[in-house]
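The sequence and structure come first.

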Amino acid sequence: MNKNIKIIVSTGQGRLHLIDSAVSFKKLGMKVKVITGWVPSTRVPDYILNLLGRVVGRSNLAYGLRKRTSTLLSRNEINNCTYSEFLVQFLFILSKFRIIKRDTAAVLGWKSYGMESKKYIKDCDIFHVRSGAGKGGAINFAKKLNIKVVVDHSIAHPTELYNQLLKANNGNAHGLFVNPESLFWKMVIDDCQQADIVQVNSDYVKDSFIENGFPESLISVIHLGIRDDFYNLKESYSIKGEVKLLFTGGFGLRKGGGIIIQAISMLIAQNINFRLDVVGSILNDLDIPDWFGKNSNIYLHGHLPQNKLMQHLSESDLYIFPSYSEGSAQSVKEAMAAGMPVITTKESGAPIVSGENGLIIRNNSPSDLCRAIIKLTDDEKYRAYIGDNACNTIKSDHTWEKYAENTKVMYNKLLSFNL
């Protein structure tokens with residue numbers, strides 16, 4: 001089928017990767033419209049948005065809201081679900097005062113988004129919707145119009161995610177952000193069950209769905225892209241003095257923050273000369289020991305702009321990411337694109353063949369992480385070998401152009417069923 005495919009992309013409350021997806025579809029010649037939450041006018045100054053952010057506990061709200069659009073998408077290609085956006089934030093405020101449960105607030109908010117989004121679902125071939133955003137009758141409405149439904153799910157099945165977080169939290173379920181029995185996560189999985197195809201971003205996510213009863217034929221793995229300005233940032237693999245370790249992302253329980261803390265203590269015990277840079281927010285599900293926070297070789301930077309992140313990727317020696325569960329961590333793929341030697345887990349969903357374009361370790365083993373750091377520190381040629389291979393992996397199979405092409409093939413297969 002060579003027709004000019006018409007796509008509606010629905011991001012849900014937030015943006016995830018789906019704005020980038022929409023842009024890549026448009027570049028490939030598909031007709032695209034986006035449904036998203038509130039996109040404030042450029043006439044509204046950022047300081048006003050950040051004042052609103054303080055009310056809902058988001059210090060840099062303007063930054064997040066501005067990323068819901070793109071200069072490559074016109075205003076008439078972006079449809080706002082403003083009322084549901086304000087409703088869900090109001091409900092979350094109520095949940096802080098324990099007037100309603102947060103799980104209930106999330107379900108009501110996302111259902112309201114789906115209900116509001118229905119007015120924009122028309123004149124298209126594919127409804128490409130984030131899992132959870134199809135409720136409120138949105139998916140059912142699309143199907144009544146004979147529109148094919150692609151549900152985009154970008155993290156492991158909630159049962160797999162929950163089990164991995166239990167492991168990370170020493171078997172304690174209290175405070176975990178996911179529970180497969182919660183109303184919200186049941187709603188997310190119900191969207192996946194209603195889909196014509198579930199699009200996921202790694203074989204790890206696909207396997208987690210199959211293990212939890214989904215037929216393989218319902219799941220399509222399509223890798224997300226990485227911007228080409230991340231390519232080949234690393235130019236030298238020599239280590240002068242201390243080995244410079246880098247972690248990027250939310251430093252917390254799920255992404256292996258606790259494993260990093262334990263591995264660093266092992267490096268200290270072995271008198272390994274190191275520096276650790278953590279770029280990203282410190283999450284409140286992880287206790288940071290005093291010795292870690294005060295160590296002069298450890299730098300907790302918080303969120304940094306892209307140019308500063310890229311500088312760290314070019315200047316650091318090893319990238320460490322001992323995650324318990326992801327979809328396919330974009331931060332790992334950015335490090336690979338830069339040419340960094342990466343140490344991670346198979347549960348990161350990274351496209352790594354261990355020993356060739358990175359090192360894979362067990363996800364609950366600080367000793368594995370420590371040994372991998374020492375192994376790579378001692379071998380410059382090996383660092384260069386896997387760093388170069390990592391960059392080539394991303395260049396060849398993980399571009400936004402390739403993502404759009406592969407997604408279009410999937411769309412055509414779906415639409416051919418109507419012929």
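## Terms and model

A residue is called buried when its relative accessible area is under 20%, exposed when it is over 50%, and partly exposed in between. The model described here is predicted.

## Helix α7

Helix α7 covers residues 158-168. Its buried residues are P158, E160, L161, Y162, Q164, L165, L166 and A168. Because eight of the 11 residues of α7 are buried, the helix is largely enclosed by the rest of the structure.

Just after α7, N170 has a positive phi of about 55°.

## Q164 and its surroundings

Q164 is one of the buried residues of α7, and it is placed in that class because its relative accessibility is 8%. Beyond the neighbours within four places in sequence, Q164 is in contact with Y204, Y324, S325, E347 and N363.

With N363, the Q164 side chain also makes a polar contact, side chain to side chain, at 2.7 Å.

Which residues form a nonpolar patch on the surface? They are Y47, I48, L51 and L52, and together they have about 370 Å² of accessible area.

I48 belongs to helix α2, which spans residues 46-56. With a relative accessibility of 31%, I48 counts as partly exposed. In an α-helix there are 3.6 residues a turn, so residues three or four places apart point the same way.

Key. Residues numbered from 1 in each chain as written. Predicted model: local features only at pLDDT ≥ 70, side-chain atom pairs only at ≥ 80, totals over all residues. Heavy atoms only, no water. Patch = residues over 30% accessible without salt bridge, like charges linked within 9 Å, V, L, I, M, F, W, Y side chains within 5 Å. Areas by Shrake-Rupley, 256 points an atom, 1.4 Å probe, with all protein chains shown as cover. Salt bridge = Lys/Arg side-chain N within 4 Å of Asp/Glu carboxyl O. Helix = DSSP H or I, 4+ residues; strand = E, 2+ residues; numbered from the N terminus. Buried < 20%, exposed > 50% of the residue type's maximum accessible area, 1.4 Å probe, protein only. Polar contact = N/O pair within 3.5 Å; in protein donor to acceptor, adjacent residues only side chain to side chain. Contact = heavy atoms within 4.5 Å.
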